[in-house]
Amino acid sequence: MSTEDQQAREAGQPDRPGTAGGIGAGAGAVHGVARGTAPAPLSILDLAPVGVGHTPAEALVATTELARSAEAWGYHRFWVAEHHGMPGVASSTPAVLLAHLGAHTSTLRLGSGGVMLPNHAPLAIAEQFGLLEALHPGRIDLGLGRAPGTDQATARALRRGLAEGADDFPQQLAELTHFLDGDFPSGHPYARLTAVPKGDDRPPIWLLGSSGFSARLAGRLGLPFAFAHHFSGDNTVPALDLYRSSFRPSEVLAEPYALIGVSAVAADGQAQARRLARSAGLGMLRLRLGMPGPIPTPEEAESYPYSPAEADFLDDWLSKVVLGSPGEVADGLEALRKRTGADELMVTSHIHGHEARRRSYGLIAQAYGLTAQA
């Protein structure tokens with residue numbers, strides 16, 4: 001048996017195709033809905049961004065308003081992500097934020113993009129998302145990542161008392177799945193434990209990744225896969241190819257289902273969209289230099305004294321952002337969808353200014369006929 005086969009079995013997938021022991025959420029909870037003229041479902045990834053001149057409280061209010069708008073516009077999902085030690089991101093605890101967003105929406109599918117599994121005890125996640133499912137039945141996705149979502153020192157502080165790390169991700173995933181489904185085998189140390197609340201249904205599990213590890217594991221488990229194209233664009237096609245070639249049918253999915261996260265900025269034209277996107281690019285540059293902070297303003301990004309290496313980084317980063325007028329963004333997203341074969345697109349406009357960010361998503365929705373107003 002290969003290493004991947006062993007990992008798949010440990011994560012709850014028996015050898016026999018067509019079954020998925022312990023993975024109890026069907027394709028109906030996974031497949032998105034394409035609306036308007038969009039050729040694929042459109043969703044949003046939001047990090048509750050905190051820009052220069054704004055507070056985390058203001059960022060969370062803006063995220064709540066954006067979720068309500070996304071529902072009205074016709075986006076399918078709205079995911080939030082776990083990040084730590086980043087002053088420009090307010091979504092450090094997805095479960096808490098999702099409970100709040102669920103109370104302010106009624107039909108929008110909500111999820112984690114994702115929860116970083118190595119930072120948490122699997123039982124705690126099972127309880128949190130069991131509670132979310134009880135609060136907002138049939139609307140919750142549980143996306144899981146294997147990276148800490150932060151620097152090493154913060155990761156150690158988060159994992160205090162946890163023996164496992166990212167290398168034990170398949171085993172942690174297996175434990176979490178058994179807690180969610182209440183089906184530990186007889187004789188297991190946790191067989192008598194119950195993650196409460198536990199209803200008849202539970203959120204579908206998605207595996208998230210920016211490399212091949214989670215792609216292969218998701219394929220072998222027959223789970224949906226979300227790839228972070230927005231910060232690992234060079235690996236997108238190889239990872240999706242690996243996911244599809246590794247895929248084994250399960251009770252969750254008969255065929256692969258892949259979503260990709262895409263940086264996209266829509267404005268009145270190319271120049272304005274690029275100006276907005278540069279604020280996110282400078283923020284990413286500072287993060288890579290070990291100096292995370294709030295998202296800079298467009299004015300700061302324009303006046304920043306870039307070194308040649310920094311200018312090259314920014315140009316490369318901007319080349320992976322789909323930006324421009326609404327029509328240009330729609331064309332760019334469609335070209336990317338065709339190139340990657342993605343089943344769903346999850347756009348993220350991580351830019352300075354709550355109104356500019358909201359308008360970007362609104363213009364994208366309008367380009368696809370999801371809404372009449374932006």
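Where is the place of Gly341 in this protein? Gly341 sits in the loop between H12 and strand S9 (344-348), where helices (H or I, at least four residues) and strands (E, at least two) are DSSP runs numbered from the N terminus. The model is a predicted one, in which local features need pLDDT of at least 70 and side-chain atom pairs count only at pLDDT 80 or more, while totals for chains, interfaces and linings use all residues. Residues are numbered from 1 along each chain as its sequence is written, and side-chain values use heavy atoms, with hydrogens and water left out.

With a relative accessibility of 37%, Gly341 counts as partly exposed, given that buried means under 20% relative accessible area, exposed over 50%, and partly exposed in between (1.4 Å probe, protein chains only). Although Gly341 and Ala258 are 83 residues apart along the chain, their C-alpha atoms are separated by 8.3 Å.

The protein as a whole has 13 helices and 9 strands, and buried residues make up 53% of its 374 residues. Of the contacts between residues at least 6 apart in sequence, 75% join residues at least 24 apart, where contact means heavy atoms within 4.5 Å.

Helix H2 (residues 56-73) and helix H3 (residues 94-103) have axes that come within 10 Å and cross at roughly 50°; the axes are lines fitted to C-alpha atoms, for helices over the stretch in contact, and the angles run from 0 to 180 degrees between N-to-C directions. H2 and H3 are therefore oblique to each other, since angles under 35 degrees count as roughly parallel, over 145 as roughly antiparallel, 65 to 115 as roughly perpendicular and the rest as oblique. Leu60, Thr63, Thr64 and Ala67 of H2 make the contact with Leu97, His100 and Leu101 of H3. By class, this contact of H2 with H3 has 4 nonpolar, 3 polar and no charged residues, with Ala, Val, Leu, Ile, Met, Phe, Trp, Tyr, Cys and Pro counted as nonpolar, Asp, Glu, Lys and Arg as charged, and the others, Gly among them, as polar.

In helix H8 (residues 236-246), the buried residues include Thr236, Ala239, Leu240, Tyr243 and Ser246. They cover an arc of only 135° around the axis, which puts them on the same side of H8; the arc is that of the directions from the helix axis to the C-beta atoms. The partners against which the buried residues of H8 pack are H7, strand S6 (225-227), strand S7 (258-266) and helix H12 (326-340).

A cis peptide bond, with omega of about 10°, joins Gly113 and Gly114, and Gly114 is found in strand S3 (residues 109-116). The peptide bond from Val196 to Pro197 is cis as well, with omega near 0°, and Pro197 lies in the loop between H6 and strand S5 (205-209). Ala48, in the loop between strand S1 (42-46) and H2, has a positive phi of about 50° although it is not a glycine, and at 0% relative accessibility Ala48 counts as buried.
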